[in-house]
Structure formats: C-alpha cells, structure tokens
Amino acid sequence: MTKRHGYALLAAIVAVIVVISAAIYIGVAADDGSGQNNLASGRNAPRGSAAPASTGLWVGAWSASPSGAEPGTETNGMAGRSVRNIVHTSAGGTSARITLSNLYGQQPLTITHATIAVAETANSATADADTMTRLTFGGGTSVTIPSGQQVISDTVLVTIPLDSDVLVTTFSPTQSGPVTYHRHAQQTSYLAQGDLAGDVSGTAYTEGTPYWRYVTAVDVLSDESAGTVVAFGDSLTDGDASTVGANHRWPDHLSDRLRAAAGTDGVPLYSVVNQGIGGNRILASGAGRPADNPSALSRFGRDVLGRTNVKAVVIDLGINDILRNPNEVDPDTITDGLRTLVQQAHAHGVRVVGATLMPFRGHGGYSAQREEVRQAVNAEIRAGKVFDAVVDFDKALRDPYDPRALRGDYDSGDHLHPSDKGYGRMAEVLDLRSLTGAVSAAL
C-alpha cells in the first residue's frame with residue numbers, strides 16, 4: 001500500500017468515526033429523558049432553537065390535565081384574543097419548554113405567537129421584562145396543532161425559579177372551534193384583545209378567567225431535581241374549594257415538604273405535578289368524543305406515563321365511582337381498576353403510592369350503602385393488596401367522633417372537599433420515603 005493510499009484509508013476511517021459519533025450525539029440530544037422522542041411526543045426537532053449547552057435533568061415544573069371542551073367556544077375558540085395562563089412551578093431550571101393541547105378541538109388550532117415569562121409578582125399578569133421569551137415550534141414562531149393532538153415547544157433559555165408564578169401566553173388569529181381547557185384551576189388567569197402575547201405590562205389583561213386554556217405542561221431543565229412525582233386524582237387532587245391563587249392544593253403542600261426535606265433520611269428532591277380532574281372516575285368517562293372528563297384508565301398513559309421523568313405517582317381515586325353510580329357499585333370493580341393503573345405504572349418502572357378514600361357523610365350523595373363500599377375499598381387498600389405503598393387520607397382527616405365524616409376544621413363546608421388546612425394535612429401524612437424504592441413484583 002502506498003503512503004498516499006494509506007492516508008486516504010485513514011481519512012476514510014476518521015470520516016466514518018465522525019459520522020457515527022455525530023449520529024450518537026444527535027440521538028442522545030433528541031432523547032429528553034421522558035421516554036419519548038421528539039416525533040412520538042408531537043415535537044419536531046428544533047431548528048435554530050436556543051437549546052441549552054448546560055447539563056441537568058428535565059422534570060415537570062407544572063401540569064394540568066385537559067378536562068374538556070370549554071362551553072361557548074364551539075365556533076370562535078379564542079380567535080383574536082391573547083390567553084395569559086398563570087401557572088405555579090414546583091421546580092426551577094435554566095431552560096423551559098411547554099406543551100399545548102388541541103385535544104378537544106374539532107379543527108386545527110393555529111398559534112401565531114406564544115411566550116413564556118416569569119410573573120413580576122404573584123397572581124399578576126405583569127411579566128418580569130428580563131424573562132419575556134418568545135416560544136418556537138420546530139424553529140418557527142407559528143404552529144398549527146391538528147384536532148385531537150398536542151405539541152411541545154422548542155427549548156428556550158430562560159431562568160424559571162421554583163415556587164414562582166409563570167405566564168404562558170398564546171395568541172390565535174383564527175377560529176378554531178372548541179377550546180381545550182382545564183376547568184377548575186383554582187387560579188385566576190387573564191385574557192386580552194389582540195396579539196399581546198409579548199406584552200410585559202399586563203395592563204390590557206383586564207378580563208380574569210378561572211380556567212387554564214391550551215397549556216397542559218411546563219417542563220424545566222433542572223440541576224437539582226431528581227425526577228417528577230405525579231399526583232393523579234379527582235377534585236380532591238385538583239384542589240376544589242381551596243383558596244384561589246394561594247396554591248393550597250395537597251400536591252402544592254407536598255412539593256413544599258419535598259423541598260424542605262430533600263437530602264435527609266433518604267428523601268429525594270422531586271418536582272410535583274398535578275393531574276387531577278374534578279369529578280374524575282376510574283372506570284367511566286363523561287359524554288362526547290373525545291370524552292369530557294376522560295376516565296383514569298383512558299388518560300393514565302398521557303397524564304402520568306407521558307409526563308417527564310416520572311419516578312412515582314400518588315393515586316387518589318374512587319370516590320366518584322361510588323358517588324356518581326346510580327346503583328351500588330361493586331368495591332371489587334374499583335380496586336380492580338386501581339390495580340390496572342398500578343400494572344401500567346409498573347410496566348414503566350414507576351412506583352405507586354395509593355390513598356384511602358376519605359369520608360363524606362353530610363354530602364348530598366351520602367348513603368349507608370355507599371359508605372359500605374368506601375369501607376370495603378379502604379380495607380383492600382390498607383391490606384396492601386393494591387398499591388406499592390399507602391397514604392391513609394381517611395384516617396388523617398376523619399372526625400374521631402364520627403369516622404364517616406370529615407373533621408370539622410378539615411372540611412371546606414360541603415362535607416366532601418377539604419379546607420386549606422385539610423389539604424395541608426393530606427400532604428403532611430404522606431411518608432416522603434414511600435415515593436422511592438422498587439415497585440412490587442405482584443399485588
């Protein structure tokens with residue numbers, strides 16, 4: 001072999017190595033740790049996005065399940081209006097991305113302007129000017145989301161503090177049909193006329209709204225968090241009857257506890273995201289196609305396993321299967337449904353903590369027969385036959401003099417939903433160490 005041929009062969013080998021190395025790098029970069037690649041998750045590979053050079057772990061900072069199609073938006077949607085959603089973070093990071101959903105839309109939704117910013121003060125539509133950042137999707141500033149689909153934005157470099165309010169604003173110029181929304185936000189967000197997605201002052205956002213629209217998740221690149229915990233449930237997880245804008249849902253309190261205890265006694269620093277839907281049931285969905293208030297069984301893959309770097313899920317479900325069934329429901333049907341959720345979680349290596357069902361005597365739906373069903377479900381849960389670990393919400397919040405009812409100071413007044421103090425108590429009794437560990441081989 002001549003020297004020239006030797007150099008040529010060497011150059012060819014080096015070229016092959018470079019190509020292989022680049023392919024490996026691109027493959028790793030495309031894997032965000034969520035278990036989904038960009039294409040499968042509905043996100044195109046970013047072109048010219050501000051992808052961070054820093055290291056860290058992607059975790060969920062906030063989320064809300066799409067719960068239905070907003071009444072009154074069947075034709076126009078939010079055409080010609082800016083929607084400024086206020087969301088509260090359970091983790092901070094150096095970069096962010098968001099998920100927008102058109103699950104309940106009957107036609108494509110075009111978003112021509114979307115931004116993310118940190119609110120200047122809590123519950124305010126005014127942005128910290130230094131954080132106002134335009135979002136892109138596949139490198140473009142406009143995105144069209146097909147009916148029934150969702151899209152994840154490109155990564156943007158923006159510092160998101162933990163325990164802060166973040167503004168996610170969208171503008172759509174065209175009629176899009178039904179708006180995908182989360183009904184019981186327990187948070188006031190805002191609307192403005194015209195394209196004011198990049199507005200910092202917030203002065204034009206004069207119309208308050210109790211809903212979250214389109215946005216269903218905010219993820220951050222964190223150099224502290226070790227993963228995400230999903231709180232999965234009904235209105236008791238959604239925080240119904242808690243103080244609006246105060247972040248007093250039990251998952252909010254759980255997030256505070258995890259931050260305070262992280263690093264001690266084997267407690268990891270996990271972020272917490274809330275996937276509760278008011279009225280949700282394990283077995284049955286609401287009306288419509290796609291169904292309003294989809295059953296836990298039908299939404300678990302998207303709302304739990306589809307979240308980012310999920311390590312554990314806390315499930316508090318079953319009370320609506322009892323309350324909303326016109327006949328006496330079989331408790332085995334409820335526990336079998338819960339076991340199905342656990343099996344799905346275990347298939348993805350996710351640990352499951354399950355809650356006992358809290359009392360509701362005094363509520364309009366109470367009956368002795370329904371109470372018997374609740375007790376039977378709780379007995380099975382406490383026996384360790386359903387979940388990897390148990391948090392006993394029933395024992396923690398029941399009236400010691402009447403165990404069929406909530407304790408007075410833990411009752412919001414409707415005898416079903418806790419007060420702010422009651423939600424705090426729910427988070428207080430959850431053993432933080434139960435969120436870690438191996439999943440059970442069989443239950």
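Start by selecting Asp409, which counts as partly exposed at 31% relative accessibility (buried means under 20% relative accessible area, exposed over 50%, and partly exposed lies in between, with a 1.4 Å probe and protein chains only). You're looking at a predicted model, where local features need pLDDT of at least 70, side-chain atom pairs count only at pLDDT 80 or more, and totals for chains, interfaces and linings use all residues. Residues are numbered from 1 along each chain as its sequence is written, and side-chain values use heavy atoms, with hydrogens and water left out.

Asp409 sits in the loop between strand S23 (402–406) and helix H9 (420–428). Those labels are DSSP runs numbered from the N terminus: helices are H or I with at least four residues, strands are E with at least two. Now show the side chains of Arg407 and Lys421. Asp409 makes a side-chain polar contact with Arg407 at 2.7 Å, and another with the side chain of Lys421 at 2.8 Å. (A polar contact is a pair of N or O atoms within 3.5 Å; within protein, one must be able to donate a hydrogen and the other to accept it, and residues adjacent in sequence count only if both atoms are side-chain atoms.) Leaving out residues up to four places away in sequence, Asp409 touches Ser419 and Lys421, where contact means heavy atoms within 4.5 Å.

Next, go to another aspartate, Asp154. Is Asp154 buried or exposed? Asp154 is buried, with a relative accessible area of 0%. You'll find Asp154 in the loop between strand S9 (150–152) and strand S10 (156–160). Its side chain has a polar contact with the side chain of Thr136 at 2.7 Å, and the side chain of Asp154 also reaches the backbone nitrogen of Phe137 at 3.5 Å.

Time for some sheets. Select the six strands of the open sheet ordered S7-S6-S11-S3-S13-S14, with antiparallel pairing. Strand S7 (133–134) and strand S14 (207–209) are at the edges with a single partner strand each, so one side of each has no neighbour in the sheet. Two strands pair if DSSP finds at least two bridges between them. Further in, strand S6 (residues 113–118) pairs with strand S11 (residues 165–172) through six bridges, in the antiparallel sense. Pick Ala114, and you'll see Thr170 of S11 opposite.

There's also an open sheet of three strands, S2-S12-S15, again antiparallel. Strand S2 (68–69) and strand S15 (212–213) take the edges here, each with a single partner strand, so one side of each is left without a neighbour in the sheet. Strand S12 (residues 180–182) is joined to S15 by two bridges, and His182 has Trp212 as its bridge partner in S15.

Now highlight strand S1 (residues 57–63). Six of its seven residues are buried, so S1 is largely enclosed by the rest of the structure. S1 runs antiparallel to strand S16 (residues 215–222), with six bridges joining them. Leu57 stands opposite Ser222 in S16.

Move on to helix H4 (residues 296–305). Its buried residues are Ala296, Arg299, Phe300, Asp303, Val304 and Leu305. They pack against strand S17 (227–233), strand S18 (270–276), strand S19 (310–316) and helix H6 (331–347). In the loop between S18 and H4, look for Pro290. The peptide bond from Arg289 to Pro290 is cis, with omega near -5 degrees.

Last stop: the loop between helix H2 (235–238) and helix H3 (250–261), where Ala241 lies. Ala241 isn't a glycine, yet has a positive phi of about 80 degrees, and is partly exposed at 44% relative accessible area. Asn247 is found in the loop between H2 and H3 as well. Asn247 has a positive phi of about 55 degrees, also without being a glycine, but counts as buried at 13% relative accessibility.

Zoom out to finish: the chain has nine helices and 23 strands, and buried residues make up 54% of its 443 residues.
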